[in-house]
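Student: I would like to learn how to read a protein model feature by feature. Could you take me through one, giving the general idea before each case?

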Amino acid sequence: QVHYDETYSPTVSYETLKLVLASVAATGGQRVYQFRINNCYLQGSVDRYIYVNPPPGIEIKDDHVWSLDYCMPGMKQASRQWYLRIKGLLKDNGFSESSYDPGLFCKDDCYIMLYSDIVIVAGMSVEHVESFLKKQFSMEYLTYEYHNEVLPDVVDYHIGEERSSKILGMNMNFNDRGITLTMKDAITRAV
């Protein structure tokens, strides 16, 4: 019998995301990067024996079995194992998990927020985080359409500059007064 316990995988709450973005707006000059980890659910290792039937058309000897070493998409434990893998990697690199929100990790002036396969990095030293994540995972910058140009979803905010971006479906508008967050696009699509 397969045990489906411990399948919970924390994600950053919108409240925490808004709080971190308010901090970015208040200090200015900080960066916000948004990455998608490719095939993140294949990155977690299995912590117990899981036996599977071979796919149709594959013959195996009667005294052999197939055992998984890594998670597969569709496994109830896959998201939890992915979270444990990236949590361990972040802790090994000096980040500490927030006691308020387990989807938030902090180190000095850098914040990492996890939302399933999306990693949001905010702060002054985001390039360091980007480099150690790229060594471990295949990842891509999330992009969005802005006046028919495809731009990376990277925000480099400086006082007096006006800039728009999207993060987890929220529209972010940066200007000299701070950050405005709206769900305008999501609401428009729903209507």
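Tutor: What follows goes from the whole chain to its cores, its salt bridges and a surface patch.

Student: What should I know about the model before I start?

Tutor: This is a predicted model, in which local features need pLDDT of at least 70 and side-chain atom pairs count only at pLDDT 80 or more, while totals for chains, interfaces and linings use all residues. Residues are numbered from 1 along each chain as its sequence is written, and side-chain values use heavy atoms, with hydrogens and water left out.

Student: How many helices and strands does the protein chain have?

Tutor: Helices (H or I, at least four residues) and strands (E, at least two) are DSSP runs numbered from the N terminus. Here the chain has four helices and 14 strands. Taking contact to mean heavy atoms within 4.5 Å, residues 24 or more positions apart account for 56% of the contacts with a separation of 6 or more.

Student: What share of the residues is buried?

Tutor: Buried means under 20% relative accessible area, exposed means over 50%, and partly exposed lies in between (1.4 Å probe, protein chains only). By that scale, buried residues make up 39% of the 191 residues in the chain.

Student: Which residues have the most contacts inside the largest nonpolar core?

Tutor: In soluble globular proteins, nonpolar side chains tend to be buried together. A nonpolar core is a set of buried Ala, Val, Leu, Ile, Met, Phe, Trp, Tyr and Cys residues joined through side-chain atoms within 4.5 Å. The largest one here has 22 residues, and those with the most contacts inside it are Ile86, Phe95, Ile112, Val119, Val121, Val129 and Leu133. Strand 1, helix 2, strand 6, strand 7 and helix 3 each supply at least two residues of this core, with helix 2 giving the most, five residues. Beyond its neighbours within four places in sequence, phenylalanine 95 is in contact with several residues, among them Leu90, Phe105, Ile112, Val129 and Phe132. There is also a second, separate core of 16 residues, which includes Leu21, Ile120, Leu142 and Leu168.

Student: How many salt bridges does the structure hold, and where are they?

Tutor: A salt bridge is a side-chain nitrogen of Lys or Arg within 4 Å of a carboxyl oxygen of Asp or Glu, and the structure holds three of them. In one, aspartate 117 pairs with arginine 36, the closest N and O atoms being 3.2 Å apart. This pair links distant parts of the chain, 81 residues apart, since aspartate 117 sits in the loop between strand 6 (110-115) and strand 7 (118-123) and arginine 36 in strand 1. Aspartate 117 counts as buried because its relative accessible area is 19%, whereas arginine 36, at 30%, is partly exposed. Glutamate 97 forms another with lysine 87, at 3.3 Å between the closest N and O atoms. Glutamate 130 also bridges to lysine 134, and both lie in helix 3 (residues 126-136), four residues apart, about one turn of the helix.

Student: Which residues form the nonpolar patch on the surface?

Tutor: Patches are made of residues with over 30% relative accessible area and no salt bridge, like charges being joined within 9 Å and nonpolar side chains (Val, Leu, Ile, Met, Phe, Trp, Tyr) within 5 Å. Tyr49, Tyr51 and Val65 form this one, with about 420 Å² of accessible area together, as given by the Shrake-Rupley method with a 1.4 Å probe, where for residues only the protein chains shown count as cover. Tyrosine 49 lies in the loop between strand 1 (31-37) and strand 2 (51-52), and counts as exposed because its relative accessible area is 69%.
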